[in-house]
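User: I am new to this structure and would like to learn how to read its features one at a time. Could you take me through them slowly?

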Amino acid sequence: MPGLPFNTAASDARREALAVLGSWAGLIAEARRLPRPDRTVEALTAFLIRHSGWLTAHSAAGDASRELSEVTRRAARVATPDDQRRLVTVGACPEPGCTGRLQSLIRPDAAGAAPAVRCRADPAHHWAGEELMLLRRRLAAKAGTAQPPGAARPTPSRPSPPGTAHPASPGGATPPASRSQGSSAPSGGGEADTVRIVWLSASDITRLWGTPSGSVYRLASQRAWRRRSRDGRTYYHEADVVRALSERHPRPVA
């Protein structure tokens, strides 16, 4: 009704809960060839409980548990808000001619989401979601070309998918080695000396593209994404992920 306050944070929390519950229910329904439940919190929850035995035996059970726990924690934060936002400096802005510094706003009510990175000098310089992968490459290239003439170039550090703030990347702490280990190939005189394969976990992909993990696993199976496992977790080839999700989330034409 006009004049009544609308709690957007509560609305976002409910929408996210529906997305996560629907994603995992969809994975079960497709794998077991079952009709999908109604898209309500009650129906989806009952469906997941009914098939919890199958889900807990699935290789993605850990991710399902993490996502459902995060949804619960975020809903609790909305119910009892505690504003502890903080700004974290990422590094120098890579835009030509810009002398600004990049910063990321970390919010407790957005745990699990990829942070947005903005330049303090020019608000037009900003990156979010899957654009953070491009920013990571640009920052790595800029760091690699910042050596004085004749200086020995250090071994390229392993790039990290965005997660929590870290000075060396646009929002990610240094990940396990398996996330970025891979073959290196000459770049042919491009921005960096080597092109390094990046391996993304399902949670990385969820944070960057806003795609629930259940949908990630379905896409990975349907598109036969290249993958590798380490410490019981599966990581997917960045190029396969970008190709598939760019088709699902095309960038707007300027």
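Predicted model: local features only at pLDDT ≥ 70, side-chain atom pairs only at ≥ 80, totals over all residues.

User: In what order do the three strands of the open sheet lie?

Analyst: Strands of a sheet pair through backbone hydrogen bonds, either parallel or antiparallel. Here the order is 7-9-8 with antiparallel pairing, where strands are DSSP runs of E with at least two residues and helices are runs of H or I with at least four, numbered from the N terminus, and two strands pair if DSSP finds at least two bridges between them. Strand 7 and strand 8 are at the edges with a single partner strand each, so one side of each has no neighbour in the sheet. Strand 7 (residues 199–201) joins strand 9 (residues 233–237) over three bridges, with W199 bridged to H237, whereas strand 8 (residues 227–230) joins strand 9 over four bridges, with R227 bridged to Y236 and R230 opposite R233. In the hairpin of strand 8 and strand 9, two residues lie between the strands, and D231 has a positive phi near 55 degrees.

User: Is H237 buried or exposed?

Analyst: H237 counts as buried because its relative accessibility is 11%; buried means under 20% relative accessible area, exposed over 50%, and partly exposed in between, with a 1.4 Å probe and protein chains only. Apart from neighbours within four places in sequence, H237 is in contact (heavy atoms within 4.5 Å) with I197, V198, W199 and R226.

User: How do helix 1 and helix 2 cross?

Analyst: Two packed helices are described by the angle between their axes and the distance between the axes. The axes of helix 1 and helix 2 come within 9 Å and cross at roughly 40 degrees; axes are lines fitted to C-alpha atoms, for helices over the stretch in contact, with angles from 0 to 180 degrees between N-to-C directions. That makes helix 1 oblique to helix 2, since angles under 35 degrees count as roughly parallel, over 145 as roughly antiparallel, 65 to 115 as roughly perpendicular and the rest as oblique. Residues making the contact include L18, L21 and W24 of helix 1 and L44, F47 and L48 of helix 2.

User: How many residues of helix 7 are buried?

Analyst: Eight of the eight residues of helix 7 (residues 202–209) are buried, so helix 7 is largely enclosed by the rest of the structure. The buried residues include D204, R207 and W209, and just after helix 7, G210 takes a positive phi of about 70 degrees.

How values were computed:
Residues numbered from 1 in each chain as written. Heavy atoms only, no water.
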